[in-house]
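I opened the notebook for a new model today. These are my entries, in the order I looked things up.

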Amino acid sequence: MLSFRESVARFYRRRKGVNLDPESEIISLIGSKEGIAHLPLAFVNDGDYVLVPEPGYPVYYSSTLLADGIPYEMPLKEENGFLPDLQSIPDDVARKAKIMFLNYPNNPTAAIAPKEFIKEAIDFCVDNKVILAHDAAYSEITFDGYAAPSFLEFEDAFEICIEFNSLSKTYNMTGWRIGFACGNRDILSGLLKVKTNVDSGVFEAVQEAAIAAMDGPDSVIDENCKVYQRRRDLLVKGLKEVGIELKSRKRPFTSGQR
Ligand SMILES: *Cc1c(COP(=O)(O)O)cnc(C)c1O
């Protein structure tokens, strides 16, 4: 529904400062997982590499295999802030790579991506002609005043990047199955070509519910995050009390800091 995509455009303008054309720069998904799973089928040929974070959401890896691609794992190490070391990717892999999957705020490490890293990833993908597929499932679930940027805010991102987003975490609509992809129109039209042959779209009542959520008050999201933050703080305290060491930021973010 165009009205759903228009609502996504309002949501991205309001929350990320990103302008999207609802006609060509947004497609609806039956949950972002569906789009992630279908993306390699659109672009990956036998023997092409797909750069996937390890650890990471398992679908990046499995959808690559389903498309006869070769997953190249990028380790997320604590000493690198759980960011992949792009310099360590061999040239021949980078040249034969079609897609790089990234995911920040990250599942499962909870790491966030600094601006410098996002710029580096965009430059890497522009230079190597790689599709940057950013999974932003947790873009709104942030704590301590941190607001996660969209990769589409950055220069040149629209050349090579699409961003997957979801109503599952932001609005607790996981079982309803609705999400979207936005960004580069050519990449989206490739994904749409696969989708047109596989599914026939999201149940319209669910799209209407998603519009109501996205056009509704942002306080719903803030309240949600407060609940999670309270639980997180309780868990961190409990873990520390039983002697389990864990990393946490020393200073809270000032409001809206990235
Ligand atoms: C939950 C999740 C998704 C998929 O969510 P959908 O319900 O399919 O929109 C994608 N990526 C990550 C990292 C997730 O945690």
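**Entry 1**

I started at Pro-108, which lies in the loop between strand 4 (97-102) and helix 5 (115-128). The model is a predicted one, and I read every entry below with that in mind. I checked the peptide bond that joins Asn-107 and Pro-108, and it is cis. Its omega is about 15 degrees.

Phi of Ala-110 is positive, about 70 degrees, although Ala-110 is not a glycine. Is Ala-110 buried or exposed? Ala-110 is exposed, at a relative accessible area of 62%.

I then looked at Glu-54 and Pro-55. The peptide bond from Glu-54 to Pro-55 is cis, and omega is near 5 degrees. I placed Pro-55 in the loop between strand 2 (49-54) and helix 3 (59-66).

Asp-144 was next on my list. This residue is not a glycine, yet its phi is positive, near 60 degrees. I found Asp-144 in the loop between strand 5 (131-135) and helix 6 (157-160). Its relative accessible area is 26%, so Asp-144 is partly exposed.

**Entry 1: the overall picture**

I stepped back to the whole chain. How many helices and strands does the protein have? I noted 10 helices and seven strands. The radius of gyration is 18 Å, close to the 18 Å from the globule rule for 258 residues, so the protein is as compact as a globular protein of that length. I also took the box along the principal axes: the C-alpha atoms fill roughly 50 × 45 × 30 Å.

Next came burial. Of the 258 residues, 47% are buried. The protein exposes about 12800 Å². Carbon and sulfur atoms supply 52% of that area.

I looked at contacts as well. Among contacts with a separation of 6 or more, 72% are between residues 24 or more positions apart.

Then I went through the charges. I have 30 positive and 38 negative side chains in the protein. The centres of the two sets lie 5 Å apart.

**Entry 2: cysteines**

I wanted to know about disulfides. A disulfide is a covalent bond between the sulfur atoms of two cysteines. How many disulfides does a search of the whole structure find? The search returns zero.

I followed this up at Cys-125. My cut-off for a disulfide is a pair of cysteine sulfur atoms within 2.5 Å.

Cys-125 is buried, with a relative accessible area of 0%. Cys-161 is buried, with a relative accessible area of 0%.

**Entry 3: Lys-195**

I went to helix 8, where Lys-195 has its place. Is Lys-195 buried or exposed? Lys-195 has 4% relative accessibility and counts as buried, since buried means under 20%.

Which residues does Lys-195 touch, not counting residues up to four places away in sequence? I listed Ile-27, Ser-28, Leu-29, Ile-30, Glu-34 and His-38.

**Entry 4: Glu-120**

I returned to helix 5 for Glu-120, which is found there. Glu-120 counts as partly exposed, at 32% relative accessibility.

I left aside its neighbours within four places in sequence and asked what Glu-120 contacts. The contacts are Leu-86 and Gln-87. I took a distance for Gln-87: its C-alpha atom is 9.9 Å from that of Glu-120. Along the chain, Glu-120 and Gln-87 are 33 residues apart.

**Entry 5: Phe-203**

My last stop was Phe-203. Where does Phe-203 lie? I found Phe-203 in the loop between helix 8 (185-196) and helix 9 (204-215). Phe-203 counts as exposed, at 61% relative accessibility.

Technical notes. Residues are numbered from 1 along each chain as its sequence is written. This is a predicted model: local features need pLDDT of at least 70, side-chain atom pairs count only at pLDDT 80 or more; totals for chains, interfaces and linings use all residues. Side-chain values use heavy atoms; hydrogens and water are left out. Helices (H or I, at least four residues) and strands (E, at least two) are DSSP runs, numbered from the N terminus. The radius of gyration is taken over C-alpha atoms; the globule rule is 2.2 Å times the number of residues to the power 0.38. Buried means under 20% relative accessible area, exposed over 50%, partly exposed in between (1.4 Å probe, protein chains only). Contact means heavy atoms within 4.5 Å. Accessible areas come from the Shrake-Rupley method with a 1.4 Å probe; for residues, only the protein chains shown count as cover. Lys and Arg count as positive and Asp and Glu as negative; His and the chain ends are not counted. The place of a charge is taken as NZ of Lys, CZ of Arg, CG of Asp or CD of Glu.
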